[in-house]
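Here is a short briefing for a first look. Please have the sequence and the 3D view open.

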Amino acid sequence: MSLQGKIAVVTGASRGIGRAVALRLGSMGAQVLVNYVSRPDAAREVAAAINQAGAQAEICAFNVADTEATTAAFKKILDDHGRIDILVNNAGITRDGLLVKMEENRWDEVLATNLKGAFTCTKAVSRAMMKQRWGRIVNISSVIGFVGNAGQANYAAAKAGLIGLTRSMARELAARNITVNGVAPGFILTDMTKNLSATISEKIRSEIPLGVLGTAEDVAGAVAYLVSDDARYVTGQFIHVNGGMYMG
Ligand code: NAI
């Protein structure tokens with residue numbers, strides 16, 4: 001599954017799932033643009049690890065919720081490299097709370113990053129991919145987007161929104177040999193989930209048929225498949241990486 005000669009952008013790649021995806025795409029030979037918003041040191045470490053493994057990588061700072069900055073960053077990437085072949089919309093945040101108590105800004109923040117951010121990045125690469133007549137876009141949704149979760153109305157709405165965005169873009173771009181798919185992780189051990197109480201973690205684990213929590217690498221494996229030639233006939237689909245927690 002060689003990605004030699006391909007340029008890949010992974011948003012939110014300085015840690016967690018994005019980091020694992022960036023490393024994996026690098027290991028498949030892609031040149032990886034490691035996006036980060038606030039931790040250049042962490043992003044540099046990811047790029048260095050990719051370089052050390054023999055592939056090329058560089059870091060690029062932009063906040064996916066900032067349309068102007070994101071659009072400008074993608075323009076620069078296209079000016080510098082002439083193409084973008086792979087986009088992984090991974091950047092995401094949580095601002096949990098019950099809906100009755102949820103401040104409007106917490107709703108807006110989550111939607112702006114998790115959903116509108118993916119729209120902005122996808123829009124920024126689509127024209128170039130259409131000209132190339134080749135592209136792979138992967139959106140990182142969540143099991144929560146499929147089943148909902150008390151205390152995560154904003155997150156669930158954004159992640160469910162990504163399902164509609166994925167399928168619509170898959171239909172719009174298919175004629176140009178661009179596939180648009182998603183991965184819906186279940187409960188993955190990362191910084192995003194590490195602060196859950198032992199009781200909640202245990203409760204979630206008890207609902208996972210495979211009996212263990214997932215790793216960022218488990219998600220990266222699904223992304224690797226979706227961007228590979230093996231998945232050339234797969235579009236508008238979601239791979240559930242959740243230990244059987246939800247069987248869609
Ligand atoms: P994380 O919190 O470790 O990493 C998220 C990354 O996104 C961070 O590097 C952060 O700096 C970046 N980011 C946040 N806002 C950004 C913005 N506005 N612009 C650019 N980058 C931004 O979380 P994790 O677990 O690695 O999550 C990655 C993705 O996977 C997220 O979209 C998350 O919703 C999704 N996911 C995670 C699950 C889990 O159990 N950890 C389960 C299902 C989905």
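This is a predicted model: local features need pLDDT of at least 70, side-chain atom pairs count only at pLDDT 80 or more; totals for chains, interfaces and linings use all residues.

Residues are numbered from 1 along each chain as its sequence is written, and side-chain values use heavy atoms, with hydrogens and water left out.

**Helix α2**

- Helix α2 covers residues 40–52, 13 residues in total. Helices (H or I, at least four residues) and strands (E, at least two) are DSSP runs, numbered from the N terminus.
- From first C-alpha to last, α2 reaches 18 Å, close to the 18 Å expected at 1.5 Å a residue. That expected span is 1.5 Å times one less than the number of residues.
- The buried residues of α2 are Ala42, Ala43, Val46, Ala47 and Ile50. Buried means under 20% relative accessible area, exposed over 50%, and partly exposed in between (1.4 Å probe, protein chains only).
- Seen down the axis of α2, these buried residues fall within an arc of 140°, so they line one face of the helix. The arc is that of the directions from the helix axis to the C-beta atoms.
- An α-helix has 3.6 residues a turn, so residues three or four places apart point the same way.
- The cover over the buried residues of α2 includes α1 (16–27), β2 (31–36) and β3 (57–61).
- Gly54 follows α2 and has a positive phi, near 105°.

**Ligand site**

- There are 29 residues around the ligand, and Arg15, Asn63, Asn90, Tyr155 and Thr190 come nearest. A residue counts as near if one of its heavy atoms lies within 4 Å.
- α1 and α6 (153–173) each supply at least two residues of the shell around the ligand.
- A polar side-chain atom of Thr190 lies 2.5 Å from a ligand oxygen atom.
- For Ser14, a polar side-chain atom lies 3.3 Å from an oxygen atom of the ligand.
- Val64 places a backbone N or O atom 3.0 Å from a ligand nitrogen atom.
- Taken alone, the ligand exposes 840 Å², and the protein buries 94% of that. Accessible areas come from the Shrake-Rupley method with a 1.4 Å probe; for residues, only the protein chains shown count as cover.

- Thr113 lies in helix α4 (residues 104–132). Thr113 is buried, with a relative accessible area of 13%.
- The C-alpha atoms of Thr113 and Val64 are separated by 6.0 Å, though 49 residues apart along the chain.
- Ser201 lies in helix α7 (residues 198–206). Ser201 counts as buried at 19% relative accessibility.

Terms used. Contact means heavy atoms within 4.5 Å. A polar contact is a pair of N or O atoms within 3.5 Å; within protein, one must be able to donate a hydrogen and the other to accept it, and residues adjacent in sequence count only if both atoms are side-chain atoms.
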